[in-house]
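Here is a short briefing on one protein chain. Look at the fold as a whole, then at its aromatic rings.

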Amino acid sequence: PLASLGIESQDLMIKEGYVNLRDLDLGFDFTKLESVISKLASQELLPVFAFVYDEFWLLQAKFKNILGGFLGDEYKMLPAFWAWYLDPAKQEAGWEPHRDRDRHALEADGSPLAVTLWIPLNEANPMNGCIYLVPANRDRAYGTERESSFDFEYAAVRALPAKPGDALIWNHAILHWGARASERATSPRVSIALEYQRGDINQMKDIVVEPQSLPSFDERLDLIARQIVSYTHMYDFDKSMIEFARLRLKK
């Protein structure tokens, strides 16, 4: 499945820590997916509530062969996902530079034990906050005990503009971030991301999700609540939203 996409198999993931997929035929109307998140944002609801709808689960399921090529056919979805609506008028930003996990999420040969799938629902560009990263082979701290530090040349930073039908997949040791939207951007950046791990290793979280199954409505709300609780340190959530999430997980 990787070769059919013109990707240099596992080699590119091992060398640079990510792959940039272009013009995938996913069979989805991205304008409708974008409109769901835009509507949530207009009502001051968290974009992650888009995951109550089937389409967002069905979209990630389309990547079965691609994710299986990196993680093996028995890969699992981690209970870790998010959605973004970066408003140019508010000059909102994606997440600050970070690694999703660390060097322990890599095999000895550098192949991934876990990856993140990032999907743009509209055009992501440097003006509205596209993804930036430091390729693994340009990051002197990558995969080392110094990975909490930044040790790379500024010229090594790579901007990754993307459009609907594209996708980014990176391993959990690579340094990456979302840029800040400019007030001059012509549209918000609307995107989602989900995390996965190999199925033949110990679970990285207390539960995993079968990526080819549709969670029930209650299961979706529970998973969304988990995300809200997990990211309270990153966002200034309304107190009622935090209370909802915590009560949901205590039921």
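A contact means heavy atoms within 4.5 Å. Among contacts in the chain between residues at least 6 apart in sequence, 81% join residues at least 24 apart. This is a predicted model: local features need pLDDT of at least 70, side-chain atom pairs count only at pLDDT 80 or more, and totals for chains, interfaces and linings use all residues. Residues are numbered from 1 along each chain as its sequence is written, and side-chain values use heavy atoms, with hydrogens and water left out.

**Overall fold**

- The chain has six helices and eight strands. Both are DSSP runs numbered from the N terminus: helices are H or I with at least four residues, strands are E with at least two.
- Along the sequence the pattern runs α-β-α-α-α-β-β-β-β-β-β-β-α-α.
- The radius of gyration (taken over C-alpha atoms) is 17 Å, close to the 18 Å that the globule rule gives for 251 residues, so the chain is as compact as a globular protein of that length. That rule is 2.2 Å times the number of residues to the power 0.38.
- The C-alpha atoms fill a box of roughly 45 × 45 × 35 Å, taken along the principal axes.

- Of the 251 residues, 52% are buried. Buried means under 20% relative accessible area, exposed over 50%, and partly exposed in between, with a 1.4 Å probe and protein chains only.
- The chain exposes about 12,300 Å², and carbon and sulfur atoms supply 48% of it. Areas come from the Shrake-Rupley method with a 1.4 Å probe.

**Aromatic rings**

- The structure holds 15 aromatic pairs. Rings of Phe, Tyr and Trp (its six-membered ring) pair if their centres lie within 6.5 Å; planes under 30 degrees apart count as stacked, over 60 as edge-to-face and the rest as tilted.
- F51 and F56 have ring centres 5.8 Å apart and planes at 50 degrees, so this pair is tilted. Both F51 and F56 are buried.
- Y75 and Y196 form an edge-to-face pair, 5.8 Å centre to centre with 70 degrees between the planes.
- Y75 sits in the loop between α4 (64–71) and β2 (76–86), and Y196 in strand β8 (residues 189–197), so the pair ties together parts that are 121 residues apart in sequence.
- Y75 is buried, with a relative accessible area of 3%. Y196 is buried too, at 0%.
- One aromatic cluster is formed by W82, W84, W95, Y231, Y235 and F237.
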